[in-house]
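Subject: The structure we talked about

Hi,

Here is the structure I promised to pass on. Please open it next to this message; my notes on what turned up follow below.

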Amino acid sequence: MSAPATEAGRARVAGRTLRTDRWWVPPLITTLGLATFVIYAGIRSFVRSAYYVPEYHYLTPFYSPCLSDSCVPGSSHFGTPFGELPGWIPLAFLSLPFLLGFRLTCYYYRKAYYRSVWFSPPACAVTEPHGRYTGETRLPLILQNAHRYFFYVAAIISVINTYDAIVAFHGRTGGFGFGLGNLILLGNVIMLWAYTVSCHSCRHVVGGRLKHFSRHPVRYWMWTQVTRLNNRHMMLAWITLGTLVVTDLYVMLVASDVIPDLRFID
């Protein structure tokens with residue numbers, strides 16, 4: 001039997017690495033990709049400009065829901081129950097912490113930043129810098145166990161993003177309208193739903209704690225569909241980072257009058 005994953009039983013590598021290939025390339029690419037998104041999303045969440053297009057009701061997901069008097073007119077699709085907010089508080093302060101928690105505790109993202117940022121472990125047959133291994137049994141990593149609760153909130157926020165995408169089918173002078181921005185918003189929402197539903201916690205919600213799938217055909221069917229998406233969870237995790245940036249960037253450019261929205265029906 002293999003030794004347990006404790007300090008005494010961990011595998012030892014005599015040198016820095018036994019690898020002869022460029023094992024550090026994938027971790028580097030992962031780190032650069034995550035850092036790029038974090039920097040972009042962090043800046044955009046605080047600048048408070050060019051996040052809403054009033055003519056077409058385009059609202060970037062980085063500012064949804066916008067619930068304070070600090071929001072520009074029309075961007076508060078659910079009213080303004082909160083007053084003016086100081087500049088150091090993002091306008092989507094109710095959703096961003098939960099979405100950040102959902103991503104940070106996601107099983108794939110754990111693997112990504114554990115290996116690429118934390119170097120625990122960086123790669124097979126590569127010495128890691130940590131002298132001890134405690135797993136997710138102590139602070140702060142024990143908070144990873146809250147992932148399923150972040151999932152519930154993320155699902156609610158996906159409903160809000162869906163509402164934002166529907167409201168955006170608005171013409172310049174009222175009524176129904178349809179433009180390139182609608183396709184981008186809708187595509188982003190679809191990808192966000194795919195990523196959220198493919199979550200391991202969702203898979204457990206629909207099919208967990210069942211001893212006999214044959215007695216629960218509906219839940220078994222749901223579990224099967226979620227499992228198919230779950231196999232693509234890593235891909236969807238990266239795709240949604242891209243769709244979020246593209247959506248926000250497009251709304252910002254249209255709201256700033258840098259580019260016009262390509263309209264199909266107005």
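A quick word on terms before the helix pairs: an axis here is a line fitted to C-alpha atoms, for helices over the stretch in contact, and angles run from 0 to 180 degrees between N-to-C directions. Please keep in mind throughout that this is a predicted model.

**Helix pairs**

With that in hand, take helix α6 (residues 200-207) and helix α7 (residues 217-230): their axes lie 8 Å apart, and the packing angle is about 170°. Angles over 145 degrees count as roughly antiparallel, and that makes α6 roughly antiparallel to α7. The crossing of α6 past α7 is left-handed. On the α6 side the contact uses H200, C202, R203, V205, V206 and G207, and these meet R219, M222, W223, V226, T227 and N230 in α7. Sorted by class, the residues of this contact between α6 and α7 are 6 nonpolar, 4 polar and 2 charged.

How do α4 and α6 cross? Their axes come within 9 Å, at roughly 90°. That makes α4 roughly perpendicular to α6. From α4 the contact draws on H147, R148, F151 and Y152, and from α6 on S201, C202, H204 and V205. The residues of the α4 and α6 contact divide into 4 nonpolar, 3 polar and 1 charged.

α5 passes α8 in a left-handed crossing. In α5 the residues involved are L180, G181, I184, L185, N188, M191, L192, A194 and Y195; their partners in α8 are H233, L236, A237, I239, T240, T243, L244, V246, T247 and Y250. By class, this α5 and α8 contact holds 13 nonpolar and 6 polar residues, with no charged ones.

**The chain as a whole**

If you want the layout to go with those pairs, the chain has 8 helices and 4 strands. Read from the N terminus, the order of elements is α-β-β-α-α-α-β-α-α-α-α-β. The C-alpha trace spans about 70 × 50 × 35 Å along its principal axes.

**Cavity and pocket**

How many cavities of 30 Å³ or more are there? The count comes to 1. The largest cavity has a volume of about 50 Å³. Its lining consists of L59, P61, N161, D164, A165, L185, N188 and V189. The elements that give two or more residues to this lining are α4 (147-167) and α5 (180-197). In terms of class, the cavity lining has 5 nonpolar, 2 polar and 1 charged residues. L185 and N188 line the cavity, and L185 and N188 are also among the α5 residues that meet α8.

The second largest pocket has a volume of about 750 Å³. It is lined by 30 residues, of which F37, V38, L99, L100 and R103 are the closest to its centre. Two or more lining residues come from each of α1 (25-47), α2 (96-104), α3, α4, α5 and α8 (233-255). Which element gives the most to this lining? That is α1, with 9 residues. By class, the lining of the second largest pocket has 23 nonpolar, 6 polar and 1 charged residues.

**Backbone details to look at**

Elsewhere, H57 lies in the loop between β1 (52-53) and β2 (58-59). For H57, phi is near 65°, again a positive value in a residue other than glycine.

Technical notes: Residues numbered from 1 in each chain as written. Predicted model: local features only at pLDDT ≥ 70, side-chain atom pairs only at ≥ 80, totals over all residues. Heavy atoms only, no water. Parallel < 35°, antiparallel > 145°, perpendicular 65-115°, else oblique. Left-handed = near helix turned anticlockwise from the far one by under 90°. Contact = heavy atoms within 4.5 Å. Nonpolar A, V, L, I, M, F, W, Y, C, P; charged D, E, K, R; others polar. 1 Å grid on protein atoms, 1.4 Å probe; cavity = no way out; pocket = protein on both sides within 12 Å on 5 of 7 lines; lining within 4 Å. Points joined across faces, edges and corners; volume = space filled by probe spheres on them.
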